[in-house]
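Colleague: I would like to go through this model with you and ask what stands behind each label.
Modeller: Go ahead.

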Amino acid sequence: NYFMIGGGLDGGKILGEFPEYLSDKDSQWIKRGIMIPTTPWESVWNGVANWMGVRGDDHLNYVLPNRANFDKCQMFTDEDLFK
């Protein structure tokens, strides 16, 4: 679970999936409020890297080596995160 703050962000929205239940009824629940995220950390950094000028799969996979382990559809772009 992540949040970003800053003046250039396109805020006020939830990216990824919000849990249906915030209790042990949810399949992502582990214990006592600990939940498995549905959105990889790399998805946020993919958008930040885009914003910083990193383009193309080869370059993005270089700066985010774990990125290749996830579906491209899960990756945010600079347009998803910034105005």
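**Salt bridges and burial**

Modeller: The structure holds four salt bridges. Keep in mind that this is a predicted model.

Colleague: What makes Arg55 and Asp78 a salt bridge?
Modeller: The N to O distance between their side chains is 2.7 Å. The cut-off is 4 Å between a side-chain nitrogen of Lys or Arg and a carboxyl oxygen of Asp or Glu, so the pair of Arg55 and Asp78 qualifies. Arg55 lies in the loop between helix H1 (41–51) and helix H2 (57–63), and Asp78 in helix H3, so the pair ties together parts that are 23 residues apart in sequence.

Colleague: Why is the link between the side chains of Asp78 and Arg55 also called a polar contact?
Modeller: The side chains of Asp78 and Arg55 come to 2.7 Å.

Colleague: How do you know whether Asp78 is buried or exposed?
Modeller: Its relative accessible area is 16%. Buried means under 20%, so Asp78 counts as buried. Asp78 is found in helix H3, residues 78–81. Apart from neighbours within four places in sequence, Asp78 is in contact with Gly47, Asn50, Trp51 and Arg55.

Colleague: And what is Arg55 called, given its relative accessible area?
Modeller: Arg55 has 45%. Exposed would take over 50%, and buried under 20%, so Arg55 is partly exposed.

Colleague: Which residue forms a salt bridge with Asp57 at 3.2 Å?
Modeller: That residue is Arg67, and 3.2 Å separates the closest N and O atoms. The limit is 4 Å, so the pair of Asp57 and Arg67 passes. Asp57 lies in helix H2 and Arg67 in the loop between H2 and H3, so parts ten residues apart in sequence are tied together. Asp57 is partly exposed, with 30% relative accessible area, while Arg67, at 7%, counts as buried.

Colleague: What makes Asp57, Arg67 and Lys72 one network?
Modeller: The side chains of Asp57 and Lys72 also meet in a salt bridge, 2.5 Å from N to O. Salt bridges that share partners join Asp57, Arg67 and Lys72 into one network. Lys72 has 52% relative accessibility and counts as exposed, because the threshold for that word is over 50%.

Colleague: Why do such side chains pair at all?
Modeller: Side chains of opposite charge can pair when their charged atoms come close.

Colleague: Which residues make the nonpolar surface patch?
Modeller: Ile14, Phe18 and Leu22 make a patch of about 370 Å².

Colleague: What is the overall pattern of the protein chain along the sequence?
Modeller: The protein chain follows β-β-α-α-α, with three helices and two strands. Of its 83 residues, 27% count as buried. Its accessible surface comes to about 6,400 Å², and 55% of that belongs to carbon and sulfur atoms.

Methods. Residues numbered from 1 in each chain as written. Predicted model: local features only at pLDDT ≥ 70, side-chain atom pairs only at ≥ 80, totals over all residues. Heavy atoms only, no water. Patch = residues over 30% accessible without salt bridge, like charges linked within 9 Å, V, L, I, M, F, W, Y side chains within 5 Å. Areas by Shrake-Rupley, 256 points an atom, 1.4 Å probe, with all protein chains shown as cover. Helix = DSSP H or I, 4+ residues; strand = E, 2+ residues; numbered from the N terminus. Buried < 20%, exposed > 50% of the residue type's maximum accessible area, 1.4 Å probe, protein only. Polar contact = N/O pair within 3.5 Å; in protein donor to acceptor, adjacent residues only side chain to side chain. Contact = heavy atoms within 4.5 Å.
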